Amino acid sequence: MEFERVEFGKTYTSPLTPEEVNHYSRQLVLPQFGVEGQIKLKNTSVLLVGAGGLGCSAAIHLAGSGVGQLTIVDHDRIEASNLHRQILYRSEDVGRYKAEVLVERCSRSNPLSRMAPVALCTALTTENCLELVRNHAVILDCTDNVYARYLLNDACVLRGRALVSASALKFDGQLTVYNHQGSVCRRCLFPDPMALQAQSCDDNGVMGPVQFLG
Ligand SMILES: [Zn+2]
């Protein structure tokens, strides 16, 4: 399995290289961030589940900012109907695994990351979820289904990880952080997954944000 490539807890303590200083210069000059912030980012690891519209935006910004380890999990392949909002994919990518293409785009955007981003072209399951969550510091829920959302939530509670959860449908978006410094988890707010009338982008549509510019 590719999980061995994830090295949570391995601390990188060297000062920034000249290439890194150049690459990150615009955020390094922010006094609230600086070299200390950059090294914190370099030492952290993010598990991103779901390489759709939410995952594309999150992944490329995390990679660009210098997150040290990024693992992207998605078993879906790119479809033509994804391209209007999943903006890192191109028409020639249709049929390829989303996680694989997204990792390629992140690597090209920032070749300086501490570890190369990892693509896991597999579904999130009860077998792999706990281990994946344990091996990362921050967990991003960019999925589109109730099962994966509760699976991630429960794993984050068991492993003591913060869960950053987002969703988009029609013209709306939501962003929530669960299980962070004593805050509630998804199950505290919505105890019964079966009671949720979850809607999907496939059935109900979702607007690509770029179109609003017109
Ligand atoms: Zn809870």
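**Loops, charge and metal**

Analyst: In this predicted model, Lys 170 lies in the loop between β5 (162-169) and β6 (172-178).

User: What is the phi of Lys 170?
Analyst: Lys 170 has a positive phi of about 55°, although it is not a glycine. Most residues other than glycine have a negative phi.

User: And how exposed is Lys 170?
Analyst: Its relative accessible area is 38%, so Lys 170 is partly exposed; that class lies between the limits of 20% and 50%.

User: Where is Gln 181, and what about its phi?
Analyst: Gln 181 is placed in the loop between β6 and α8 (186-189). Gln 181 is not a glycine, yet its phi is positive, at about 50°.

User: Is Gln 181 buried or exposed?
Analyst: Gln 181 is exposed, because its relative accessible area is 74% and exposed means over 50%.

User: New topic: which residues form the patch of negative charge?
Analyst: On the surface, Asp 76, Glu 79, Asp 144, Asp 202 and Asp 203 gather in such a patch.

User: Where is Asp 144 found?
Analyst: Asp 144 is in the loop between β4 (138-141) and α7 (146-159). With 60% relative accessibility, Asp 144 counts as exposed.

User: Finally, what coordinates the zinc ion?
Analyst: Cys 185 and Cys 188 coordinate the zinc ion through their SG atoms, at 2.1 Å.

User: Why does Cys 185 count as buried?
Analyst: Cys 185 counts as buried because its relative accessibility is 10%, and buried means under 20%.

How values were computed: Residues are numbered from 1 along each chain as its sequence is written. This is a predicted model: local features need pLDDT of at least 70, side-chain atom pairs count only at pLDDT 80 or more; totals for chains, interfaces and linings use all residues. Side-chain values use heavy atoms; hydrogens and water are left out. Donors are N, O and S atoms within 2.8 Å of the metal (3.2 Å for Na, K and Ca); water is not among the atoms, so sites may look incomplete. Buried means under 20% relative accessible area, exposed over 50%, partly exposed in between (1.4 Å probe, protein chains only). Patches are made of residues with over 30% relative accessible area and no salt bridge: like charges are joined within 9 Å, nonpolar side chains (Val, Leu, Ile, Met, Phe, Trp, Tyr) within 5 Å. Accessible areas come from the Shrake-Rupley method with a 1.4 Å probe; for residues, only the protein chains shown count as cover. A salt bridge is a side-chain nitrogen of Lys or Arg within 4 Å of a carboxyl oxygen of Asp or Glu. Lys and Arg count as positive and Asp and Glu as negative; His and the chain ends are not counted. The place of a charge is taken as NZ of Lys, CZ of Arg, CG of Asp or CD of Glu. Helices (H or I, at least four residues) and strands (E, at least two) are DSSP runs, numbered from the N terminus.
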